[in-house]
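Dear colleague,

Here is the structure you are taking over. Please look through it first; my notes follow below.

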Amino acid sequence: MEWLVSACFGVMIACGVYLVLRARTFPVILGLTLMGYAVNLFLFLTGRLHTNLPDIISGSQTQYADPLPQALVLTAIVIGFAMIAFVVVLSLRALGELDTDHVDGHKENPPS
Amino acid sequence: MINHLIVGPLLLPLFMGTMIILNTNQPIARRRILGLFSCLAVLVITIILLFQSVDGPIQTYVLGDWPTPFGIVMVLDRLSAMMLCITALLALICLAYAARGTDRQGKNFHALFQFQLLGINGAFLTGDIFNLFVFFEIMLLSSYGLVLHGGGGLRTRAGMHYVMLNLVGSSIFLVGVGILYAVLGTLNMADLAVRMAQAPAENAALLQAAGLILFAVFALKAALLPLCFWLPDAYGFTSAPVAALFAIMTKVGVYVILRVYCLIFSNFAGVGAGLLNTWLLPAALITLAAGAAGVAGSRDLRRITAYLVIMSVGTLLAVIGTFQREAIAAAIVYLPHTTFMTAAMFLVADLIGRQRPDAGTGLVPDRPVGQPTLLGLLFLTAAVAIGGLPPLSGFVAKVMMLTTVKDSAGAPWIWGLVLGGGLLTLIALGRTGSVIFWKLLPADDTETARKTAHAPVPVHAPADVFPAAVLLVISPLLVIFGGMITEFAFAAADHVINPVHYIEAVLGPDRSLPLLLSSGGE
């Protein structure tokens, strides 16, 4: 299972980086979202992969699921969601003001 | 006895920012009064905290009274008290400048300004690395709003790059924090330092990778080359009081580098010991050179000032990169000077630009300002201070930095680049001053016959100029009280360079034992 999960994480980050390096705002935002998801998954994994462990400490169990990564990932999801919402609005405003969706504000090449 | 003043610099901007939002549709005077009152109150609190920290021990504030490694803890040592004080003073002055008109360009300026202060103060105070991420995000989200404040295509374009880069940076930050937590099982910075010293050698690669991943994020915040290219546009195009306030934002990155790599990855830290010793100095020196090239090559005073920010980060981190007590003390002396003077230069540039309607702050000849004596004197003072000429504070701080690093291995490089960069700064600022103030065609030159009368320009009221003048007065004050400041800086550097003080203040006595054992019982 470790191989599968880490491969998932790697593929998501790779796709995210590829999309972030595009020149249009829409793929860049998709890339940022994908990287955000990958990082959330990664934070979740910092509590290690276990199955069938209780989430509450009890006297009879010696092992239990680590509760802290769940709290961390919740915070990261909320912050990431707000940031993505902000960058979507910003891109729309840039489209309105610069009249192009290029991240550097370049206009399209004039038709020859 | 818990000192509740420590959370004042966090709670007050949060509360006042919320109050300002509730007053969004009221007359702007009400928002201004709330904002200025908040900044003034935070300044008073931080001055009290600074005086407490001069003689006192490192103070901690345990949120929710959770036992320390488990709950979030705020830590106030001398360095963070000084950073809080610098931030509060700078914020008050910038807000006073903004209240002369900049804040009319958008409704939420004052609320964003308060939340910006909350984020910055939080980053200085927190003793928990995930909480540091949260305060970074608060700081960044408000800074996105402030960078874009006032609108316009240039600001939007520069803002896009700034926002997207920092979003990637936040993701990388979480990866670094995640690795640290996965391996060491804690997020409290003092506890991280203890467990780092005990970590087995098999985890060395992971821990060092986490440390360098975090360094990349902090370098992005501090604008170290090659992660500094967002800065000239973002600072050059945004409104002047925001750019002046942002002079402290890169210093947040510097502060965090100093804090994390002198605490978690200190020389006592076992497998993570001295992680940045080989990286920080070269990176900072290249940044310094790039900043100097930008200063010399720019054709606009705003952009020159933005590159001066990069230069000041390069200088600070080059000196800190030697990781010696005396050098860190010198950097602590240089830090308030460079923050206040670059902020002052942003404000002076704005005062100049507003009196040159068709040239702004560009180096275009024959665009006279309306009040050449006043603005010329302000510009001269700022230029002398930034360039490091006697008798102002830049000279004292640079001499101290250069003498303290003279025995370290990188000394020739630091001396050469700091002095060479200073020379380029002087040339660039001298050229700027002569083009803006002196290179004018005579008014009655009938022979050339192309001279047209200049349109009347707005005259600055004393209240417009006052904030910039106050910032500049700080420079001679830093020299006059130089002895006290230097003593304080050495005391602050003592606490920074030796993680034992910090760990024992947070976790209690004897908890720093693993560090001492790992370094061979020093």
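Helix axes here are lines fitted to C-alpha atoms, over the stretch in contact, and angles run from 0 to 180 degrees between N-to-C directions. Helices (H or I, at least four residues) and strands (E, at least two) are DSSP runs, numbered from the N terminus. This is a predicted model, in which local features need pLDDT of at least 70 and side-chain atom pairs count only at pLDDT 80 or more, while totals for chains, interfaces and linings use all residues. Residues are numbered from 1 along each chain as its sequence is written, and chains are lettered from A and ligands numbered from 1 in the order in which they are written.

Helix pairs

Two packed helices are described by the angle between their axes and the distance between the axes. In chain A, helix α1 (residues 2-20) packs on α2(A) at an angle of about 155°, and the axes are 7 Å apart. That angle makes α1(A) roughly antiparallel to α2(A); the classes are roughly parallel under 35 degrees, roughly antiparallel over 145, roughly perpendicular from 65 to 115, and oblique for the rest. α1(A) and α2(A) cross in the left-handed sense, meaning that the near helix is turned anticlockwise from the far one by less than a right angle (clockwise would be right-handed).

Contact means that the C-beta atoms of two residues, placed from the backbone, lie within 7 Å. Ala, Val, Leu, Ile, Met, Phe, Trp, Tyr, Cys and Pro count as nonpolar, Asp, Glu, Lys and Arg as charged, and the others, Gly among them, as polar.

In chain B, helix α13 (residues 325-354) packs against α15(B), again at about 155°, with the axes 9 Å apart. α13(B) and α15(B) are therefore roughly antiparallel, and their crossing is left-handed. Residues in the contact include A330(B), Y334(B) and H337(B) of α13(B), and G394(B), A397(B) and M401(B) of α15(B). The contact of α13(B) with α15(B) divides into 9 nonpolar, 4 polar and 1 charged residues.

Where the chains meet

24 residues of chain A are in contact with 20 residues of chain B. On the chain B side, the elements that give two or more residues are α5 (129-148) and α6 (153-184). α6(B) gives the most, with 15 residues. The chain B side comprises 13 nonpolar, 5 polar and 2 charged residues.

One residue to look at is L141(B), which is in helix α5 of chain B. Leaving out residues up to four places away in sequence, L141(B) touches A82(A) and F86(A). Is L141(B) buried or exposed? L141(B) is buried, because 20 other C-beta atoms lie within 10 Å; the cut-offs are 20 or more for buried, 12 or fewer for exposed, and partly exposed in between, with C-beta atoms placed from the backbone. Q116(B) is 25 residues from L141(B) in sequence, and their C-alpha atoms are 8.1 Å apart.

Strand β1 (residues 59-62) of chain B pairs with β2(B) in the antiparallel sense over 4 bridges; strands pair if DSSP finds at least two bridges between them. V62(B) is opposite V73(B) of β2(B). In strand β2 (residues 73-76) of chain B, V73(B) and V75(B) point one way and M74(B) and L76(B) the other, and all are buried.

Helix α7 (residues 189-198) of chain B is mostly covered, with 9 of its 10 residues buried. D191(B) and R195(B) are among the buried ones.

Backbone points to check

Most residues other than glycine have a negative phi, and most peptide bonds are trans. R48(A), which is not a glycine, has a positive phi near 75°. R48(A) lies in the loop between α2 (25-45) and α3 (68-98) of chain A, and is exposed, with 11 other C-beta atoms within 10 Å. D65(B), also not a glycine, has a positive phi of about 55°. D65(B) lies in the loop between β1 and β2 of chain B and counts as exposed, with 7 C-beta neighbours inside 10 Å.

The peptide bond from L225(B) to P226(B) is cis, with omega near 0°; P226(B) is in the loop between α8 (204-222) and α9 (231-237) of chain B. The bond from P390(B) to P391(B) is also cis, with omega near 10°. P391(B) is in the loop between α14 (372-387) and α15 (393-404) of chain B.

Regards
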